[in-house]
Amino acid sequence: MQIITNPVEMRAWSERTRRAGQKLALVPTMGYFHEGHLSLMRFAVARADSLVVSIFVNPIQFAAGEDLKSYPSNRQRDRKLATTNGVNILFCPDLALMYPENFQTTVTVTGVSDSLCGRSRPGHFAGVATVVAKLFNIVRPDLAIFGEKDFQQLAVIRTLVRDLNLDIVILGHPIVREADGLAMSSRNIYLSSQQRQAAPALAHSLKHAGSMVKRGERRPDVLRPKVAAILTSAGLEPEYIEFVDESNLKPVTAVGINTILALAAHCGSTRLIDNCRFG
Ligand code: AMP
């Protein structure tokens, strides 16, 4: 495995690889790998000839007061894990090469960026769309893989690719969970042991809603308070509990096969998200 930090070198490698007839996959990450990241890598290896994994903690997707400065990192461990999971290139672009002093462009995907996490994190998805557009242009992958844990991010990227006619196949990967149901996240490291015990309440509340829907309940207004009760009784503070259509992220009035239940809740100072699809 090779590490590349310069976007110009990255593009040259990609061009050589594509010219050699190889199908190229990209998995964008912010590093501090866990099994969720590694599953995306293995998923990519099974579908392409070469795999580029990027590690870039993208400053423009963090608001003031968020955890940009303290975002967890262990590059040595990431390098080892990338090597053993079939990665060909670990692309860790230099900050100054990604955002030189005269950088003045933002890619904004309206609509799908505005609801859910977009409400409490204004500008976040514009930061994500901008850096992903840059990574796509530097790496020029045939396909790119994103986790369904961040399903709004996935919706933003799919919209970006559709609207800008980018010739890249976007694949979603199911959420990877800990044994007790907690969705894996680099940020889980922030949880105290007591908070770590409370955090699986998100997954439990999704499961509970799922079993109510299986028994025939379809009304978001009936389901929402049950989900909220599970979260609050575990000591979590819900930010949103929304039933949305997966195609446009708009709220639904009745749960159907395309409905996603999306949650964000605060566990102490850590913000956790999770979701499930009822289909
Ligand atoms: P991050 O490093 O948190 O930006 O995540 C990089 C990619 O991994 C994103 O596409 C995430 O959606 C995905 N990802 C993170 N956690 C999980 C998980 N628990 N299951 C599946 N995908 C995940």
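Predicted model: local features only at pLDDT ≥ 70, side-chain atom pairs only at ≥ 80, totals over all residues.
The protein is divided into two parts, domain 1 (2-173) and domain 2 (186-277). Their centres, taken over C-alpha atoms, are separated by 26 Å. On the side of domain 1, 22 residues are in contact with 16 residues of domain 2. Between them the two domains bury about 1600 Å², and carbon and sulfur atoms account for 55% of that area.

Polar links also cross from one domain to the other. Ten residue pairs are in polar contact between domain 1 and domain 2, with both residues at pLDDT 80 or more. Helix H5 (117-120) and helix H7 (151-163) each supply at least two residues of the side of domain 1 that touches domain 2. Salt bridges between domain 1 and domain 2 number three.

Across the whole structure there are 13 salt bridges. In one of them, arginine 119 of helix H5 is joined to glutamate 242 of strand E7 (residues 237-245), a link between distant parts of the chain, 123 residues apart. The closest N and O atoms of arginine 119 and glutamate 242 are 3.1 Å apart. The two partners fall into separate accessibility classes. Arginine 119 has a relative accessible area of 53% and is therefore exposed, the cut-off being over 50%. Glutamate 242, at 14% relative accessibility, counts as buried because the value is under 20%.

The closest N and O atoms of arginine 196 and aspartate 180 lie 2.9 Å from each other. Arginine 196 is partly exposed at a relative accessible area of 25%, and aspartate 180 is also partly exposed, at 34%.

Arginine 224 and aspartate 221 both belong to helix H10 and are three residues apart, about one turn of the helix. An α-helix has 3.6 residues a turn, so residues three or four places apart point the same way. Side chains of opposite charge can pair when their charged atoms come close. In the salt bridge between arginine 224 and aspartate 221, the closest N and O atoms are 3.2 Å apart. Arginine 224 is partly exposed, with a relative accessible area of 30%, whereas aspartate 221 is exposed at 60%. Elsewhere, a network of salt bridges links Glu148, Glu246 and Arg277.

H9 comprises 14 residues, 201-214, and reaches 20 Å from its first C-alpha to its last, close to the 20 Å expected at 1.5 Å a residue. Which residues of H9 are buried? They are Ala201, Leu202, Ala203, Ser205, Leu206, Ala209, Met212 and Val213. The cover over these buried residues includes helix H8 (193-198) and helix H10 (220-233), together with strand E8 (259-267) and strand E9 (270-277). Just after H9, glycine 216 takes a positive phi of about 115 degrees.

Definitions and conventions
Residues numbered from 1 in each chain as written. Heavy atoms only, no water. Helix = DSSP H or I, 4+ residues; strand = E, 2+ residues; numbered from the N terminus. Expected span 1.5 Å × (residues − 1). Buried < 20%, exposed > 50% of the residue type's maximum accessible area, 1.4 Å probe, protein only. Contact = heavy atoms within 4.5 Å. Domains from an automatic or database assignment. Buried area = accessible area lost by both parts, 1.4 Å probe. Salt bridge = Lys/Arg side-chain N within 4 Å of Asp/Glu carboxyl O. Polar contact = N/O pair within 3.5 Å; in protein donor to acceptor, adjacent residues only side chain to side chain.
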